Amino acid sequence: MKQFLLALLILSAGFLKSQCSMTASVTQPSCPGNCDGSATISLSTGCTAFPYNLVINGGSCTPTGTFVMNTSSITFSNLCNCGSPYSAVLYGASPFPVAFTNFLVNAGPPVTNAQFNNTPATCSACCNGTI
């Protein structure tokens, strides 16, 4: 237990001392069920020790895995709503995280149901109905 608490303290100290941070800017999908969302992960100017390893966990969604960052931003496209947030953790040369963020891809705007008033044709051969 003491070793676990010591490791947690060291990990927390690494986050507190870090001048590097990151943000996620998300473009939501255009409609529910579409996978046309995107997320751009951007690093602050304090992130100078390139390259970084960015670990993305999207649960059952993609992208999930480790991506090398040689620049201050990276964009992921064709994102879907999978019901849980993505987590992004940035690692430098050490095994300790440098920065982290979470982002959520929503389902997109709701589908609008249109209502129509119709007048049926007066007979099967007539073309006088309206919508």
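**A tour of the disulfides**

Select Cys-35 and Cys-80 to start: the torsion about their S-S bond is about 115 degrees, so this disulfide (a pair of cysteine sulfur atoms within 2.5 Å) is right-handed. The two ends sit in distant parts of the chain, 45 residues apart: Cys-35 is in the loop between strand 1 and strand 2, and Cys-80 in the loop between strand 5 (73-79) and strand 6 (86-91). Helices (H or I, at least four residues) and strands (E, at least two) are DSSP runs, numbered from the N terminus.

Before going on, note that this is a predicted model, in which local features need pLDDT of at least 70, side-chain atom pairs count only at pLDDT 80 or more, and totals for chains, interfaces and linings use all residues. Residues are numbered from 1 along each chain as its sequence is written, and side-chain values use heavy atoms, with hydrogens and water left out.

Stay on the pair and show the sulfur atoms of Cys-35 and Cys-80, which are 1.8 Å apart. Cys-35 is partly exposed, with a relative accessible area of 36%, and Cys-80 is partly exposed at 21%. Here buried means under 20% relative accessible area, exposed over 50%, and partly exposed in between (1.4 Å probe, protein chains only).

How many disulfides are there by this rule? The count is three.

Next, select Cys-20 and Cys-47. A disulfide joins Cys-20 to Cys-47, with an S to S distance of 1.8 Å. Cys-20 lies in the loop between helix 1 (2-17) and strand 1 (22-27), while Cys-47 lies in the loop between strand 2 (37-43) and strand 3 (52-57), so the pair ties together parts 27 residues apart in sequence. The torsion about the S-S bond of Cys-20 and Cys-47 is about 95 degrees, so this disulfide is right-handed. Are these two cysteines buried or exposed? Cys-20 is buried, with a relative accessible area of 7%, and Cys-47 is buried at 4%.

Then move to Cys-61 and Cys-82, which are joined by a disulfide with an S to S distance of 1.4 Å. Cys-61 is in the loop between strand 3 and strand 4 (65-69) and Cys-82 in the loop between strand 5 and strand 6, so the pair ties together parts 21 residues apart in sequence. With a torsion of about 140 degrees about the S-S bond of Cys-61 and Cys-82, this disulfide is right-handed. Cys-61 is buried, with a relative accessible area of 5%, whereas Cys-82 counts as partly exposed at 32%.

Last, select Cys-31. This cysteine is partly exposed, with a relative accessible area of 36%.
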